[in-house]
Amino acid sequence: MKYAFFQGCNIPIRVQQYATSTEAVLNKFGIELVVVPDFNCCGYPARNVDEKSYLLPSVRNMAIAEKMGLDILVICNCCFASLQKTKNVLGKDKQLQEELNGFLAKEGLQYKGEVQIRHYLTVLYDEVGIEEIKSRLVNRLKDLKVSVIHGCHLLRPREITTFDDSFVPKITEELLQVIGVTSLDWRGKLECCGAALAGLNDELSRKLLQEKITGAQAVGADYMVPVCSYCHLQFDTTQLNMVGENSSDKLLPVLLYPQLLGLCLGIDSHTLGIEQNKTIEGSDTERLKSLLGPPVEEKKRRKKAKTAVTA
Amino acid sequence: MNFNILLGLAVLICLVGLIFRLSIWFSQAIRPSTSTLSIGSRIGAAVQGIFGTFFSSGILQVVKSIFVDLLFQKRILDKNALRWIAHTLIFVGFILLFLMHALGSTVSESLFSDYQPTLNPFLFLRNLFGVMVLAGVAIAVFRRISLKPKRMRTSPSDWAALIFVGMIIFSGMLLEGAKMSSFTTYQRMVDDNAAFSDEGDAQALEAFWVAENGLVSPNVTQPPEAELVARGREINEESCIYCHASNRSAFAGFAVAKISRLFAAGVGDATAVTMFWYLHILICLSFLAWLPFSKMFHIIAAPVSLIIKRVTGDEMDEPANVLNNRMIGLSACTHCGTCSLECSSGMFYETFQNDFILPSEKVQYLKKFAAGKEHDPEIIKRMQEGLYVCTSCDRCTNVCPSGINLKELFISSRYSLLDDGRPEATMLSHFSFPLSLAQNFVDDHLKALSKVTTLFKNSFQHLTDLTSPITLGKSTDFGNNSFKGCYSCQRCTNICPVVRSYDDPTEALGMLPHQIMFSLGIGNIELATGAQMIWSCSTCYLCQEHCPNQVELCDIFYNLKNRAISKMEAGANA
């Protein structure tokens, strides 16, 4: 299977490890990702300003993918939502589709509405499947508790994103369960990290972020696992900016799902860019490696746990 | 006029121009209002930086940069092979022609003891280099035309540069062609170098040159006989070939001689040679004089910019050098358009219809801005928007073939304009996210933001300061009419993470989500649009997801934000 890899604007420059770890993991399952330099911004940043300006960039991106004959695989939640939203809106409004296609015609592009937008977790869950993942595992993590934060624009509005049950999502639960990670039940799981308010109202944005950090720490999370790249930046960069201001705060380090899965597939931590996460230190990597055990679920068989560590 | 006078004049203008352009590096600045650094201290910082580099390991980076960035031009190759071919053809061809041909009497003669412009390989190479340049120019023209639909902007000065370069070469070829066919030139050569024992030899040589070397002779009107030509060939090989190779090896000149002959037929062959000589010399000297005032200044500035990038990696501490580097960067721009072709905001350009969204156009404007030549508030306002409608993806900086730190230029100029300018409504967008993340210009950002929030507050009536009762509006079509399903159960307000963040949410947010729906319900769109709540909405969609009657609150808030911004912009521009 082959996808046009949509990384958006933030990931290539600020969260590169998300792209590299996702690619490394998907390659293990025979899924090929094609980087498309011609893709532009998904339109999301302009949504407050003008709805048409918000939709047009996604139309162009989808038209490019259609021209390549590929479906789009997205890792950024906000890009995912923009593409899905645009597809949905144009599906119902052919007149608008024609109007926006008018902009693309100059470049010889045309959006027909054939392309499918897939979030990488959906591809892992639906296309690869839990059983296949299980069969490929060389390691399994144990005694690791994380707080997942989905990011709003992946789950909601459900009729646009069609990702999972927006009230009780199960995809992330099962994907973490299969690699032995405990996904904690905590109140911020489905809530907002504050990213959308950053730069507009930093005080409120940070308040929402702090609420999530405190919430995750209260339930004893070892790591925060954000799905969305904006959430990642909030926890991995803004958190550090905030800690710089109040040095008494305890840092909540951040890991991305493909990094965790990658470790269990035997991919080395360097390829997964684990230490590129700003909140991760060398000791975290060592700790994660020490938590890797054989890929079996029974708790009794612990003999070979330490020898199975991969470099 | 005397050639030396013309040359002296051109060199003088060029030198004055160069000094002028170089002085801009240290005298102009993107943030003049906050810059208190004197020219002296800026030059001092630059000299210090250069010395620091030369007497450290930085010198290795400079050497590497000279080979990788300047001579090989790897940054161009990395992005586009065709562009690299075009630029390399022009660069190599032009430099070699300049050294070998224009400065032939000094460079070539000192390098090659047997140098003669009429001998091979020099005769052939001159033509080869000329054709290389022309081929490069042709590719460049093709590129500019074919990429126009992809937001490639070409200004008259871009065409001028290409035409100039092309004309230098083409006029040289015409001159060479004219000389080849000129009987006067031929006679001069014969008089200078040959002594014929009999008249037949002279005739035979002339016949040979007519048949083989493109000479147009008044004595030879019919195609000469093969026997005569053969005899001429022998004489040519005995007497001429040591100083003059076959004109056919000057293949380009030989080919365009067909054109120059038409002129010669009209004005006479000697006049034609003089005419093309003047044409070629005047174009070359004009180019020399024009160079410092045009984008061709990149010949000087781009190498400097590239070396600085290689040595510093875009990290600079010395404030004076940051200012200097911005100005060097601006002068290194060739308006090649690579940044605009790759710009992630390209589609916003299409809807906003604002040229300044394209990075290449921002740079052109910033040159004027830095020089203090731009005062039109309308243009400044559009520039402000263009600088703000940027996703901060840094692609422009990564692809710039001249190695300009565009990102840094744009961020600093953005806040410089916001500081002086009108409120910028697009600040109220997610374009602000990366800026908040980077934590640069924090105070400037907050200051500019407060201008916008004040504008927002002043643009609308508010629930808290209504002097008269809330009015029923004429419920016009709102675009999203799902609010009609609201029965004020307040589930949205109860689940909202923003509402729960405040002790007194009504005071902080103006109106609560359900109140906004109510306001729309009674047709008072204006009141809803003015609620601070829409800008405090974290767009988490919890309200919309939990609404028991499918009211699309979050989408409606986006709609209200669009309305608020267009009203603010209209008000600010009124």
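This is a predicted model: local features need pLDDT of at least 70, side-chain atom pairs count only at pLDDT 80 or more; totals for chains, interfaces and linings use all residues.

Student: What makes S1 and S3 of chain A a pair of strands?

Tutor: Pairing requires at least two bridges between two strands. Strand S1 (residues 2–6) and strand S3 (residues 71–74) of chain A are joined in the parallel sense over four bridges, so they count as paired. Among the residues involved, Ala4(A) has Ile72(A) in S3(A) as its bridge partner.

Student: Why are S2 and S4 of chain A called edge strands?

Tutor: The sheet is open, with four strands in the order S2-S1-S3-S4 (chain A) and parallel pairing. Strand S2 (32–35) and strand S4 (117–119) of chain A each pair on one side only. Neighbouring strands of this sheet are turned against each other by 40° on average, direction ignored.

Student: Which helices lie across S4 of chain A, and at what angles?

Tutor: Helix H4 (residues 77–92) of chain A lies across S1, S3 and S4 of chain A and runs at about 150° to S4(A), while helix H6 (residues 120–128) of chain A lies across S3 and S4 of chain A, at about 85° to S4(A).

Student: How many residues does each chain bring to the contact, and what kinds does chain B supply?

Tutor: Chain B gives 39 residues and chain A gives 43 residues. On the side of chain B that touches chain A, H17(B) supplies the largest share, six residues, and the residues of that side divide into 17 nonpolar, 17 polar and five charged.

Note on methods
Residues are numbered from 1 along each chain as its sequence is written. Chains are lettered from A and ligands numbered from 1 in the order in which they are written. Two residues are in contact if their C-beta atoms, placed from the backbone, lie within 7 Å. Helices (H or I, at least four residues) and strands (E, at least two) are DSSP runs, numbered from the N terminus. Ala, Val, Leu, Ile, Met, Phe, Trp, Tyr, Cys and Pro count as nonpolar, Asp, Glu, Lys and Arg as charged, and the others, Gly among them, as polar. Axes are lines fitted to C-alpha atoms, for helices over the stretch in contact, and angles run from 0 to 180 degrees between N-to-C directions.
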